[in-house]
Amino acid sequence: MENSGQKLESKELHTSKGTWHYQSGHSGEKAILFIHGASSSSRIWKYQQNLEIEGYKTIYVDLLGYGNSDKPQEGYSLQTWLDGIHAILEQEGVKEVVLVAHSNGVILAKEFYRKYPKSVLKMILVDGMLKQMIQPSMLEWMKSQLERTDYESFMQNSIQNMPVQGLGESDVRILKEDALNTPKYVTRAEFDMVSNPNTWLELTIECPTVILHSNNPLWTEDYTLGLKSMISKLDFKQWIDSGHFIPMHFPEKFNTLILKTLEPR
């Protein structure tokens, strides 16, 4: 079901590292929790915020350091973000969850599954890595950009050249605002997570998992074959006419995918 008209409720989770902001709607013993990626916020899911599925609470999180959540100077790590997501589910009284994640949010989803496999019913992972695909030379380049003395102006120029094909003006504005709203020290923490070998330890995923990718040469045939050995119940899809920001680019098609994935079988 879509377009229920129910208004989402803004909520806060208070932790020792800072306050998280999130929105929730509907009621249910289970939840669908949406995780955004790097330099982003829960606004990436603007077209999914009318979704209503019987028996499921919907939760849209601003990770610590992003969106309307606090942005403390320090204390960021993969573990910090995982702990926050788990605490939100506990605060909402939910023990079982479907994770919908975009871009670097996919890393958090797979690591949440590693830590709490019995809590994760299904996952829908959108255009993000489950294995390290970034070459060492590119990681070195990324690290060097974080050390630039003109980092702020560099980011301004980079954001202006964001690959936003197919998106409306208001959606592009959201993406650029969120990127500019992300402090350098948070971006550095994201880089540390992505470049840490412990982030990419071997993992077997046994819950039903949809992998949805855009048309990007990063997703090679070898990578796809690797996913099949990693995920026992894999539903792999690639929308070759889409850019990276699939939830905004094809919202109706994406919402239909969510609804079909959650249909009782």
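Which residues of helix 2 are buried? Select helix 2, residues 105–115, and you'll find them: Gly 105, Val 106, Ile 107, Leu 108, Ala 109, Lys 110, Glu 111, Phe 112 and Tyr 113. Buried here means under 20% relative accessible area, with exposed over 50% and partly exposed in between (1.4 Å probe, protein chains only). That is 9 of the 11 residues, and the helix is mostly covered.

Before moving on, some ground rules. This is a predicted model, where local features need pLDDT of at least 70 and side-chain atom pairs count only at pLDDT 80 or more, while totals for chains, interfaces and linings use all residues. Residues are numbered from 1 along each chain as its sequence is written, and side-chain values use heavy atoms, with hydrogens and water left out.

Now show what lies over helix 2. The cover includes strand 3 (30–35), helix 1 (78–91), strand 5 (96–102), strand 6 (120–126) and helix 6. Helices (H or I, at least four residues) and strands (E, at least two) are DSSP runs, numbered from the N terminus.

Keep helix 1 on screen with helix 2. The pair packs at about 70°, axes 10 Å apart, which makes helix 1 roughly perpendicular to helix 2. (Angles of 65 to 115 degrees count as roughly perpendicular, under 35 as roughly parallel, over 145 as roughly antiparallel, and the rest as oblique.) On the helix 1 side, pick Leu 78, Gln 79, Trp 81, Leu 82, Asp 83, Ile 85, His 86 and Leu 89; on the helix 2 side, Leu 108, Glu 111, Phe 112 and Lys 115. Contact means heavy atoms within 4.5 Å.

Stay on Trp 81. Beyond its neighbours within four places in sequence, it is in contact with Trp 20, Leu 63, Leu 64, Tyr 66, Tyr 76, Leu 108, Ala 189, Glu 190 and Met 193. Trp 81, Leu 130 and Phe 254 have the most contacts inside the largest nonpolar core, which has 86 residues. (Such a core is a set of buried Ala, Val, Leu, Ile, Met, Phe, Trp, Tyr and Cys residues joined through side-chain atoms within 4.5 Å.)

Next, bring up helix 3 (residues 136–146) and helix 6 (residues 184–195), whose axes come within 10 Å and cross at roughly 160°. That makes helix 3 roughly antiparallel to helix 6. Select Leu 139, Met 142, Lys 143 and Leu 146 in helix 3, which meet Lys 184, Thr 187, Arg 188, Phe 191 and Ser 195 in helix 6.

Last stop: Ser 39, in the loop between strand 3 and strand 4 (56–62). Ser 39 counts as buried because its relative accessibility is 18%. Not counting residues up to four places away in sequence, Ser 39 touches Tyr 66, Leu 175, Asp 178, Ala 179, Thr 182 and Thr 187.

Terms used: Axes fitted to C-alpha atoms, helices over the stretch in contact; angles between N-to-C directions.
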